[in-house]
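User: I would like to go through this model with you, beginning with the overall fold and then turning to details. Please keep the answers plain.

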Amino acid sequence: MRIFVGVILAATILAVTQTPGYAQNLVTCYARSELIAQLEEGFDEHPGFAAVVSDGALLQIYVSASGAWTAIITPPDRKDVACPLLSGNEWEVFTTGTQL
């Protein structure tokens, strides 16, 4: 199941980030500050992972202590906007060499 979620997450991120204009494509985007406030205050999710993807967009995963998570992306040309991509449960952090 964890591998399946990882594959789905990677495929969605690839599809969204390789298509120009996030707001016009697969996802609905919101004011970045409002979306982050909702994740932190409404769901108790906080930054757990961040990376810059190939087109310069910022990918972040917000995670709660219970393992709930939400992946959001901030387009490189719109720092005031963030777009939720996926959400789920059972987020786990693996160390190098961990078997799935």
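User: What does the secondary structure of the protein come to?
Analyst: The model, which is predicted, has two helices and five strands; helices (H or I, at least four residues) and strands (E, at least two) are DSSP runs, numbered from the N terminus. The elements follow one another as α-β-α-β-β-β-β from the N terminus on.

User: Which conventions apply to the numbers?
Analyst: Residues are numbered from 1 along each chain as its sequence is written, and side-chain values use heavy atoms, with hydrogens and water left out. As this is a predicted model, local features need pLDDT of at least 70 and side-chain atom pairs count only at pLDDT 80 or more, while totals for chains, interfaces and linings use all residues.

User: What is the order of the strands in the sheet?
Analyst: The sheet is open, with five strands in the order S1-S5-S4-S3-S2 and antiparallel pairing. Two strands pair if DSSP finds at least two bridges between them. Strand S1 (30–31) and strand S2 (46–52) are the edge strands, each pairing on one side only.

User: How many bridges join S2 and S3?
Analyst: Six bridges, in the antiparallel sense, pair S2 with strand S3 (residues 58–63). Val 52 stands opposite Leu 58 in S3, and Phe 49 has Ile 61 of S3 as its bridge partner. The two strands form a hairpin with five residues between them, and Gly 56 in the turn has a positive phi of about 95°.

User: How many residues of S2 are buried?
Analyst: The number is zero of the seven residues of S2, so this strand lies largely in the open. Buried means under 20% relative accessible area, exposed over 50%, and partly exposed in between (1.4 Å probe, protein chains only). Over the 100 residues of the protein, 32% count as buried.

User: Moving inside, which residues make up the largest nonpolar core?
Analyst: There are eleven: Val 53, Ala 57, Leu 59, Ile 61, Val 63, Trp 69, Ala 71, Ile 73, Val 81, Cys 83 and Leu 85. Such a core is a set of buried Ala, Val, Leu, Ile, Met, Phe, Trp, Tyr and Cys residues joined through side-chain atoms within 4.5 Å. S3, strand S4 (69–74) and strand S5 (81–88) each give two or more residues to this core. Another core, of six residues, lies apart from it, with Leu 35, Leu 39, Ile 72 and Ala 82 among them.

User: Where does the disulfide sit, and what does it join?
Analyst: Cys 29 is joined to Cys 83, with an S to S distance of 1.9 Å; a disulfide is a pair of cysteine sulfur atoms within 2.5 Å. Cys 29 is in the loop between helix H1 (2–17) and S1, whereas Cys 83 is in strand S5, so the pair links distant parts of the chain, 54 residues apart. The link is right-handed, with 95° about the S-S bond. Cys 83 is buried, at a relative accessible area of 0%.

User: How many aromatic pairs does the search of the whole structure find?
Analyst: The search finds one. Trp 69 and Trp 91 form a tilted pair, 5.9 Å centre to centre with 55° between the planes. Rings of Phe, Tyr and Trp (its six-membered ring) pair if their centres lie within 6.5 Å; planes under 30 degrees apart count as stacked, over 60 as edge-to-face and the rest as tilted.
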